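Trainee: I'd like to go through this one with you, term by term. Could we begin with a helix?

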Amino acid sequence: MVNENILKINPYIPGKPIEEVKRKLKLKDVVKLASNESPFAPSKKVLQAINKAAKSLNRYPDGSCFYLRKKLAKKLRVLENQLIFGNGSDEIITMAMRAFVNPGDEVIIAKPTFLIYEIAAKLSGAKVVTVALKDFRYNLKAMKQAITSRTKIIFIANPDNPTGTYVTKDEAQNLLDGISKELIVYFDEAYYEIVTEKDYPDTLSLLKQGKNLIVTRTFSKAYSLAGLRIGYGISSKENIDFLNRPREPFNVNSLAQAAALASLDDKSNLLKLRMAVKEGKNYLYKNLEDLGLKYVPSVTNFILFEVGLDARRVCQELLKLGVIVREMAGWGMDNFIRVTIGRAAENKKFIKALKSVLNKK
Ligand SMILES: Cc1ncc(COP(=O)(O)O)c(C=O)c1O
């Protein structure tokens, strides 16, 4: 018989790959604005590093990510044993559940939020306690009130996916004040490098003050390496030791390690992305407003908006026009779509297609 926890979860449905849409719908020109990736390819320097590393693909990767660990620890001003690497930051969410959560323990998450928290928690046999968003933002007061003696981890996607809103420094501090040292607050900062808000929390300094945090970041978004799957976690050395135990020995492949190492120096790609996000956001806001559609102001590279009718149908029609975006039914938001901010031409194609689907000029 199957593990009974498996029966409690719905499989994660990712954004459709470009090639699949081209193949199935016989389209030549398809844009993907569905998975919050960077629209820019990795830089030449990063591609060269990948090429060089490819020559040793007959060998297993370095299970400790030695060079990347050294460089990142220096950059973040943390100890090398305060870092853990994952096959995407997703993997660290699962490791945290495996390492810290016993069946029947409680895990607090927002609703809706990034779907992997719930899937990973249920897989570990945890009781998932959900706290509704308020005005599309995390309600940290209510999350704090939901803490019981069985709570093991509180997950905070900052910024949140799918809303694009964020938790401020003061809100984070208020949550942490007075809570049990045993309780882990997990800040998922997958979009950290894209956020420019001044009151965004400095979680690494909170960690240095001794707060019991796990902070995760990724090379998938700002560093243009989603296809290689590499992310990392920062925590106390004690927590990292526990996180390391359920980790598979070679969980981060050697191309990913080489690319991540090279991309840490690559400021120009990040600046290019930030500029594209800023300009694209203004363009999309204006056009959504012109269409009379409500959106949630975002601090990152995607926008959640309401179409006022079944978003699944709208997304199907957009697909036929070669535009992949994400309908939010899986998040319980049937009339909502999440669009990733792409390059100018991609944003334009999306708006043109949306106008045509909604029959507006
Ligand atoms: C909030 C959040 N956390 C984590 C991830 C996963 O990132 P990774 O590619 O590092 O697994 C995503 C990806 O969309 C995300 O939106």
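Mentor: Gladly! On H12, the exposed residues Arg 313, Gln 316 and Lys 320 sit on the face turned away from its buried side. This is a predicted model, where local features need pLDDT of at least 70, side-chain atom pairs count only at pLDDT 80 or more, and totals for chains, interfaces and linings use all residues. Residues are numbered from 1 along each chain as its sequence is written.

Trainee: What makes a residue exposed or buried?

Mentor: Count the other C-beta atoms, placed from the backbone, within 10 Å of its own: 20 or more means buried, 12 or fewer exposed, and in between partly exposed. In H12 (residues 311–320), Ala 311, Val 314, Cys 315 and Leu 318 are the buried ones.

Trainee: How do you know that they are on the same side of H12?

Mentor: They cover an arc of only 100° around the axis, so they share one side of H12; the arc is that of the directions from the helix axis to the C-beta atoms. An α-helix has 3.6 residues a turn, so residues three or four places apart point the same way.

Trainee: What covers the buried residues of H12?

Mentor: The cover includes strands S11 (323–324), S12 (326–327) and S13 (336–340), along with helix H13 (344–357). Helices (H or I, at least four residues) and strands (E, at least two) are DSSP runs, numbered from the N terminus.

Trainee: Why does the radius of gyration agree with a compact globule?

Mentor: The rule, 2.2 Å times the number of residues to the power 0.38, is set against a value taken over C-alpha atoms. For 361 residues a compact globule would be near 21 Å, and the protein has 20 Å, so the two agree.

Conventions: Contact = placed C-beta atoms within 7 Å.
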